[in-house]
Amino acid sequence: MTLDQLLTDTKPALSQIYAEDLPELSQARDWQSKYRILMQLGRKLPPIPEKMKQPSLLVKGCESRAWLMHYYNQHQDQHFFVLDSEARIVKGLMAIMLSLVNGMSNAELKKFELAHAFDKLNLKPYLSQSRGSGLNAMMARIKDCCR
Amino acid sequence: MQPFDPVNFRGQFQFFQHNPGWVYLDNAATMHKPDVVVNAITSFYQRNNSNVHRGAHTLSQNATRAFEQARDDIATFINAGARQQIIFCSGATAALNQIAFGLMHTVLQPGDRVLITALEHHANIVPWQLHCSRFGVTLDVVPLDTEHKVDQQAFAELLALKPKVVSFSHISNVLGHIQPVAHMISQAKATGALTVIDGAQGIVHDKIDVQALDADFYVWSGHKLYGPTGIGVLYGKTAALELLTPIFAGGEMISEVNFSHSLFNILPFRLEAGTPDIAGAIGLAAACNWLQKINSEQVKNYKAMLLKQFFAGLKKIGGLDILSSPVHNAGIVALNVQGEHPADVAELLNQQAVAVRGGQHCAMPFFSQLGLAGAVRFSFAPYNTEADVATSLQALTQAAEILTA
Ligand SMILES: Cc1ncc(COP(=O)(O)O)c(C=O)c1O
């Protein structure tokens, strides 16, 4: 497994999450269904193989461990990411976040506001503070990739 | 002595009236405060507020009297031999830092050893690491046995290396296991070591008699004993306290200051620099006085009954890894849903208004030894009810179902 391959596998998963799972999530009635969807979402992202989980990829500030890999296509000014988390709910939320930012230009990524975006998707109520902090740490790490 | 009545007891905590939907099982992190504690703090600020030990005025003298009365009450509560053996500090963490820092050079010389166990909270690991490494002192760690209890054989072997200080917890905050403290203290003392007991979880479980326990130090946090946050107790035998170099310096802890040197005040003031948490001490004393009036054996039995019901219920839920043992357990159960991350389990419980802690509980070394990401911890208190037990079991069943569906 290489970063290239992970990036290639992540992209369609994110498109599917954005196009299919997000609408489904917003339709879900009870919390049980919401969480089931969130966890299924996370499963769609290809996991980063253990061997590739270098300590430098670890995102600090999460209750559960999470990892982020990044590739910047300079010609097209696009940022691409691969992420993984050992906790499934967090991974689902991170997958949603990634589906919103993957492929963004440098300027777009700099401007992106997670809280605002989640608010628009009616996802904010599902972000308790503790989970929020893991997400925020991941978001901060993604933003650090900006030029 | 009043008999323990669970309904009346719970009724004294307004928190539950304000949070009726919640099942609170995170008592090992912090406990709720009964009205007597809240009222004592409010009343102090409303009626008696003044700084202590400083003013010539009557108000300050009144505040000082109330603060020093709190010290007396707490001394009585743990049966300390003398009032100056109660040092107020901000909590168990502050106390352990004071002890680790304070014993360097006076007791611990380069080349000496300190012994802790693999079950300790970070507060009883990191201060030792920090000060030992700067001082050339070796830190040894007693490993655990297969039941996650401190390996007593290994403890004896490591004692043979003659550590000058032995420091361990009375009750594990992760598993709830009650250590054989009396036995471990006497073994450590037999080798001439100073003994430090982290009583953060121990103080609330049992009636503590520090003279009977005979450790040199016993430290705890007020907020885990129905008291306010920000106050804790460093108990030490007088001779042991005299060995400590103060970690904080400033007002009240000195008797004479000039720019070339200062003379330290007597105990307890020598170890209490700056304005203390006056209201906190008064609030904590109120908690101790209140507890002393309640039959502690009945409280313990009630908590044991809740724990027994909880363990019985767990048996009916398949697919759990239960890390805590039901025997010698102070009311804490750490477990995992097999193959699932504790953060996910804790979050699904949170969704069902069951407050537990999921993670490593400030005991990373413990979990790395087991190769676990952590655990979900249910910790019980006497204000919990049988309904709490039933609700939390149901919620756990539901969480496991969602996760393994
Ligand atoms: C066994 C143990 N030691 C020390 C501490 C630290 O207590 P505090 O954070 O109140 O200083 C705790 C609290 O979680 C504990 O459970």
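Guide: Let us start with a word we will need: a cavity is a set of grid points where a 1.4 Å probe fits but cannot get out. Please keep in mind that this is a predicted model.

Visitor: How many cavities of 30 Å³ or more does the count come to?

Guide: The general idea comes first. Rolling a probe the size of a water molecule over the atoms shows where empty space is left. Here the count comes to 2 cavities of 30 Å³ or more. The largest cavity holds about 130 Å³ of space. Its lining has 17 residues, and those closest to the centre are Ala28(B), Gln201(B), Val204(B), Lys303(B) and Phe380(B). Sorted by class, the lining of this cavity has 10 nonpolar, 5 polar and 2 charged residues.

Visitor: And what volume does the largest pocket have?

Guide: A pocket, unlike a cavity, is an open set of points. The largest pocket here has a volume of about 850 Å³.

Visitor: Which residues lie nearest the centre of the largest pocket?

Guide: They come from both chains: Glu63(A), Ser64(A), Ala343(B), Gly358(B) and Gly359(B) lie nearest the centre, out of 35 lining residues. You can also read the lining by element. In chain A, helix H3 (88–101) and helix H6 (129–143) each supply at least two residues, as do helix H14 (342–351), strand E13 (354–355) and strand E14 (357–359) of chain B. The most comes from H14(B), with 5 residues. By class, the lining of the largest pocket divides into 15 nonpolar, 12 polar and 8 charged residues.

Visitor: Now the ligand. Which residues are around the ligand?

Guide: To read a shell like this, look for residues with a heavy atom within 4 Å of the ligand. In this model they are Ala92(B), Thr93(B), His121(B), Ala123(B), Asn173(B), Asp198(B), Ala200(B), Gln201(B), Ser221(B), His223(B) and Lys224(B). The shell has 3 nonpolar, 6 polar and 2 charged residues.

Visitor: What can I look for in the backbone?

Guide: Most residues other than glycine have a negative phi, and most peptide bonds are trans. With that in mind, find the bond from Leu267(B) to Pro268(B): it is cis, with omega near 0 degrees. Pro268(B) sits in the loop between strand E10 (262–264) and helix H12 (278–292) of chain B. Then find Lys162(B), whose phi is positive, near 60 degrees. Lys162(B) is in the loop between helix H7 (152–159) and strand E5 (165–169) of chain B.

Visitor: How many helices and strands are there in chain A, and how many does chain B have?

Guide: Chain A has 6 helices and 2 strands, following the pattern α-α-β-β-α-α-α-α along the sequence. Chain B has 16 helices and 15 strands. The radius of gyration of chain B is 22 Å, close to the 22 Å given by the globule rule for 405 residues, so chain B is as compact as a globular protein of that length. Along the principal axes, the C-alpha trace spans about 45 × 30 × 25 Å in chain A and about 70 × 55 × 35 Å in chain B.

How values were computed: Residues are numbered from 1 along each chain as its sequence is written. Chains are lettered from A and ligands numbered from 1 in the order in which they are written. This is a predicted model: local features need pLDDT of at least 70, side-chain atom pairs count only at pLDDT 80 or more; totals for chains, interfaces and linings use all residues. Side-chain values use heavy atoms; hydrogens and water are left out. Ala, Val, Leu, Ile, Met, Phe, Trp, Tyr, Cys and Pro count as nonpolar, Asp, Glu, Lys and Arg as charged, and the others, Gly among them, as polar. On a 1 Å grid over the protein atoms alone, a cavity is a set of points where a 1.4 Å probe fits but cannot get out, and a pocket is an open set with protein on both sides within 12 Å along at least five of seven lines; lining residues have an atom within 4 Å of a point. Grid points are joined across faces, edges and corners, and a volume is the space filled by probe spheres set on the points. Helices (H or I, at least four residues) and strands (E, at least two) are DSSP runs, numbered from the N terminus. The radius of gyration is taken over C-alpha atoms; the globule rule is 2.2 Å times the number of residues to the power 0.38.
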